[in-house]
Amino acid sequence: MKYFLLLLIFLLPQFVISQIIYPESPKKPIEDFYHEIKVIDDYQWLEYQETDEVQDWIKAQNKLSKKNLKKTSRDLNSESQMNSLMYQKTGNYFGEIIDKSAKNEYYFSLCHTSNTATPSLCYKKGMDDEYDILVKSSALSSRDDINISYYKPSKNDDYLAFQYNRNGSDWRELRIVKVKKRRFYSEIIKHTKSSAILWLRDGFFYEKFPFDSLRAKTKKPSIMYHKVDTDPSTDKLIFKSRKDSEYVDIYGAPDESYLIIKKENIDTKIFSYFYLDANDNDLKFKPFLINIKYDLGSFTFKDQQIYATIFINEKEQLISIPKADPTKFKVISPIYDDAVLQDYSVLDNKAIILYSSKNGNLLTVVNFEGLILKEIVTPNGLSANGMSYDTTFNEFFFYLESYTIPRVLYKLDLETFKYEMVNQTKVGFDPKGYKFIERTFTSQDGVEVPIKIVYKDSLSKKSKTPFLLSTYGGYGIIDSQTFNPGIVFFIENGGAFAYVNIRGGGELGKDWWESGKRLNKQNGITDFISAAEFLVEQKYTSPKKIAIKGSSHGGLIIAASAIQRPDLFGAAVINVAALDMLRLENFTVGATSTNILEFGTVSNRLDFDNLYSYSPYHNIDDTVNYPSMLITTGFYDNRVPPLHSFKFAARLQNNPSQQNPILLWTQKKTGHNGALNKNDKLKENSFIYGFLFNEVNK
């Protein structure tokens with residue numbers, strides 16, 4: 001007995017040191033009622049991030065998290081490694097070609113002026129010139145981090161309008177510069193979001209939203225017209241949403257010849273389209289297609305034809321629509337049983353359509369009658385994206401990249417249909433030995449689900465390999481294999497990576513999306529859980545060796561999977577995720593048509609029951625020790641407000657059974673897309689992937 005007491009005394013200090021003392025997160029119960037069901041919410045006070053109490057709480061959480069994350073980064077030397085892995089150098093030609101169909105003479109691109117600054121807007125005259133700074137981001141504000149997110153030149157490059165946000169917020173501002181004289185106009189247009197900029201003569205159309213607060217609901221957008229060098233308060237109202245269920249958007253030809261406004265009714269799922277011919281002197285849009293059930297998207301304009309995507313028989317297809325008679329549309333895209341349309345580009349006398357399939361990408365060249373001229377298969381394991389056509393030089397470009405290969409620019413010969421690399425991207429690691437395989441596994445209900453696995457040299461079946469597992473799986477979005485230095489870090493340190501194409505994504509078509517949305521959302525979560533089980537069954541790894549990471553919708557899937565199967569994962573990073581599904585629609589974009597159609601609404605009993613069943617915040621069990629988690633968010637995230645992360649972290653930290661660490665890191669000058677400059681991105685990557693690798697290798 002004496003020996004036992006001595007041993008206990010000896011171990012006690014170590015035990016105390018190993019425990020994390022979290023900032024106090026008091027429970028302040030509030031009763032909410034949904035369909036006569038009482039739901040107690042202890043942490044609604046954390047929804048008010050502007051209060052002193054929450055601000056102090058965030059600071060305390062960050063102090064704790066940074067202390068632990070910096071220590072891990074030092075122990076693993078992850079920042080130094082990540083710095084090398086993030087290094088990229090490309091040739092002089094940065095192929096960011098946009099809006100060249102108007103035969104403009106200038107090229108525009110975002111460029112880094114330093115590692116501590118956000119990208120500035122640069123320009124050059126002609127392909128062979130050197131880029132010069134047109135708009136320096138740091139000159140727009142001495143207090144905020146400015147992120148230039150979009151820009152659009154007018155016809156003949158007379159003007160350029162550019163859109164930027166402050167500290168990563170989805171709320172954006174618009175300014176104008178006269179390109180040739182580099183003259184900046186004084187007006188600042190506020191209260192826009194991801195608005196198109198569509199020039200017409202000496203002004204442009206844009207989308208504006210009512211502004212209440214940073215976390216208020218996004219609703220009732222309006223289409224406005226602004227004339228250069230005038231007060232934005234005098235901007236002309238063109239079109240307005242009359243009720244919350246209506247949403248409007250605007251599209252236009254780069255040569256300023258034609259514009260279309262699209263009106264959507266989320267309740268009735270009915271669409272109306274209105275047009276404006278640039279030859280008309282007024283700004284009045286006329287009816288084009290009224291009260292139809294077809295959702296047209298991705299508009300392109302050429303001569304007397306409009307090109308758009310449309311779902312017909314559950315397949316997304318490309319159609320051409322005569323301006324003179326829009327009812328006589330024609331399908332010009334071929335249909336493949338095992339591939340889905342991902343993107344397209346209209347050239348002078350043909351179209352190039354990008355398809356995604358289990359076996360990679362396919363570029364199909366068709367004439368405007370739909371006749372296939374050529375099918376070009378890109379290498380398996382690489383993702384094609386960023387297609388652009390430059391009419392000035394009659395050249396077509398696209399990018400290839402993967403999880404472990406940065407974007408490389410290719411040029412397609414429009415006569416031979418052979419493509420060649422424009423320049424090689426140099427990286428700070430040796431990619432030799434990297435291997436890529438695609439498999440399928442059987443989910444719990446018998447459905448076959450694709451999974452991509454990346455590793456180096458060989459993949460052991462001794463259940464010892466640290467595995468980084470990720471997904472997105474929402475909104476019908478097709479996974480594009482984007483280069484990620486964090487994945488390379490994991491692999492270079494003896495791990496492997498896998499991406500799961502769960503139901504809810506668009507990789508296998510509309511049916512695959514529908515089977516993972518709204519009332520079927522649990523299917524995607526189940527698929528992800530089954531993917532982890534598959535890796536364990538194949539003896540590639542073991543549960544404690546599996547690190548999972550996801551952002552936004554992917555973060556929801558990661559969080560729900562960790563809550564439902566805590567025994568299956570060693571660590572999780574949950575980034576800018578929707579976690580309180582019952583109050584999602586109360587803030588920012590949660591109540592927009594896109595999200596209501598994807599998740600449902602608590603005002604509907606079936607939707608409520610479903611949301612409640614998988615909402616990560618509401619399904620935490622106080623008798624369970626959940627895997628180690630790093631919950632990350634941006635203070636200015638207006639897409640998925642940080643309140644989701646705050647409440648989820650507080651409840652987990654107050655879980656009496658929680659022994660594994662739960663860290664919350666709020667980046668103060670970022671939004672939904674994370675760090676804005678190179679140095680901050682380096683820290684972000686070293687913290688996130690260092691945390692994951694450390695936790696699964698303890």
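The entries below follow that order.

Before starting I noted that this is a predicted model, in which local features need pLDDT of at least 70, side-chain atom pairs count only at pLDDT 80 or more, and totals for chains, interfaces and linings use all residues. Residues are numbered from 1 along each chain as its sequence is written, and side-chain values use heavy atoms, with hydrogens and water left out.

**Aromatic pairs.** I looked up the ring pairs and found 41 of them in the structure, where rings of Phe, Tyr and Trp (its six-membered ring) pair if their centres lie within 6.5 Å, and planes under 30 degrees apart count as stacked, over 60 as edge-to-face and the rest as tilted. One of them joins Trp-45 and Trp-57 edge-to-face, at 6.4 Å centre to centre with 75° between the planes. Trp-45 lies in the loop between strand 2 (37-41) and helix 2 (52-76) and Trp-57 in helix 2, so the pair ties together parts that are 12 residues apart in sequence; helices (H or I, at least four residues) and strands (E, at least two) are DSSP runs, numbered from the N terminus. I then checked burial, where buried means under 20% relative accessible area, exposed over 50% and partly exposed in between (1.4 Å probe, protein chains only): Trp-45 is buried at 10%, and Trp-57 is buried at 4%.

The pair of Phe-162 and Tyr-164 is tilted, because the ring centres are 6.0 Å apart and the planes stand at 35°. Phe-162 is buried at 0%, and Tyr-164 is buried at 1%.

**Cluster and charges.** I found one aromatic cluster formed by Tyr-251, Tyr-258, Tyr-273, Tyr-275, Phe-288, Phe-299 and Phe-301. Lys-323 lies over the face of Tyr-258, 4.1 Å from the ring centre, by the rule that NZ of Lys or CZ of Arg is within 6 Å of the ring centre and within 35 degrees of the ring normal. The charged end of Arg-651 sits over the ring of Tyr-617, at 5.8 Å from its centre.

**Helix residues in contact.** Which residues of helix 6 meet helix 7? I listed Lys-521, Gln-522, Gly-524, Ile-525, Phe-528 and Ile-529 in helix 6, which meet His-553, Ile-557, Ile-558, Ala-560, Ser-561 and Gln-564 in helix 7, with contact meaning heavy atoms within 4.5 Å.

**Loop residue.** I placed Gln-424 in the loop between strand 31 (419-421) and strand 32 (426-427), and Gln-424 is exposed at 59% relative accessibility. Gln-424 and Pro-406 are 18 residues apart in sequence and 9.9 Å apart in space, C-alpha to C-alpha.
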